[in-house]
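Hi,

Here is the structure I promised to pass on. Have a look at it first, and then read my notes below.

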Amino acid sequence: MHTPPLAAQGIRVVRYDQRAHGQSTRGTAPIRLEKLADDLSLLIDNCAPHGPLVLVGHSMGGMILQTLTTMRPDLLPRIQGLLLISTPDGPVTTRPVPGLRTRLLSWGRDLLAHTCTHTPTVVDAIRRRLPRSSPWALSTAAPESGGTSVPSACRRGLHHTATRDIAAFWQALAIRGSRPVDGLRTLGPRLTLLAGSADVHVPAGHTRALALRLPQARFVVTDQATHTLPIRHPHAVVESLTHLLFIARNH
């Protein structure tokens with residue numbers, strides 16, 4: 001839904017499945033943000049080794065991009081645009097906002113996180129019984145592969161991800177402390193942060209906190225958008241990318 005309007009502008013779009021998602025294998029390395037950023041670094045070196053880059057990441061993807069700008073300062077001159085969607089200033093948490101409703105939800109999420117971490121095989125057995133329509137269903141079939149294949153639709157991205165790996169991703173995202181912004185700060189107006197006003201997983205205020213550390217960046221809130229902003233409000237993503245592409249072409 002984002003690729004066609006960008007391709008119509010003559011933009012080459014490269015998408016991929018994160019390790020342990022969709023058609024990508026897990027590998028053997030521990031799952032950490034630094035390793036996921038290293039995966040993206042290798043992808044860029046192989047698929048776009050030269051020329052300008054406009055990069056976009058949602059949620060964990062935004063955290064990976066932030067890590068990449070710290071690990072690969074040599075890429076910063078090539079990055080003509082960077083879009084971070086629903087990216088928090090700090091760790092992802094089960095208690096994103098105060099209130100009784102959030103407290104009740106967080107208890108459930110804490111219990112789920114504990115269960116996934118300590119009894120992943122039990123959760124896997126339950127997931128295998130879920131209908132295929134559930135985004136949490138675990139498929140026993142091998143991921144499709146092939147040179148002309150495309151990344152899995154977002155809601156199917158975890159169908160081949162074992163529960164132990166979901167727990168590992170969660171632990172990587174929940175590490176406390178703010179991440180460095182030195183790399184992001186060098187981008188100035190080439191950086192846009194996009195948030196959803198109704199996002200309960202990464203509230204707009206958490207992304208705004210990151211924007212406050214980056215005064216030259218553009219901060220945009222999409223009204224009534226939840227954490228599924230890229231799916232439910234694709235126009236907001238395309239508009240932000242078009243803005244960054246305009247800056248890149250006139251830089």
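**What I found**

The protein has ten helices and four strands. Keep in mind that this is a predicted model. If you walk along the sequence, the elements come in the order α-α-β-α-β-α-α-α-α-β-α-β-α-α.

Some overall numbers next. Of the 251 residues in the protein, 43% are buried.

Now for a pair of helices. In general, two packed helices are described by the angle between their axes and the distance between the axes. For helix 5 (residues 120–129) and helix 6 (residues 163–173), the axes come within 8 Å and cross at roughly 115 degrees. On the helix 5 side, the residues that meet helix 6 are P120, V123, D124 and R127, and their partners there are T163, R164 and I166. Sorted by class, this contact has three nonpolar, one polar and three charged residues.

One residue to look up as well is T67, which sits in helix 3 (residues 60–71). Is T67 buried or exposed? T67 has a relative accessible area of 10%, so it counts as buried, the cut-off being under 20%. And what does T67 touch, apart from its neighbours within four places in sequence? Its contacts are L33, E34, A37 and R179.

Cheers

Definitions and conventions. Residues numbered from 1 in each chain as written. Predicted model: local features only at pLDDT ≥ 70, side-chain atom pairs only at ≥ 80, totals over all residues. Heavy atoms only, no water. Helix = DSSP H or I, 4+ residues; strand = E, 2+ residues; numbered from the N terminus. Buried < 20%, exposed > 50% of the residue type's maximum accessible area, 1.4 Å probe, protein only. Contact = heavy atoms within 4.5 Å. Axes fitted to C-alpha atoms, helices over the stretch in contact; angles between N-to-C directions. Nonpolar A, V, L, I, M, F, W, Y, C, P; charged D, E, K, R; others polar.
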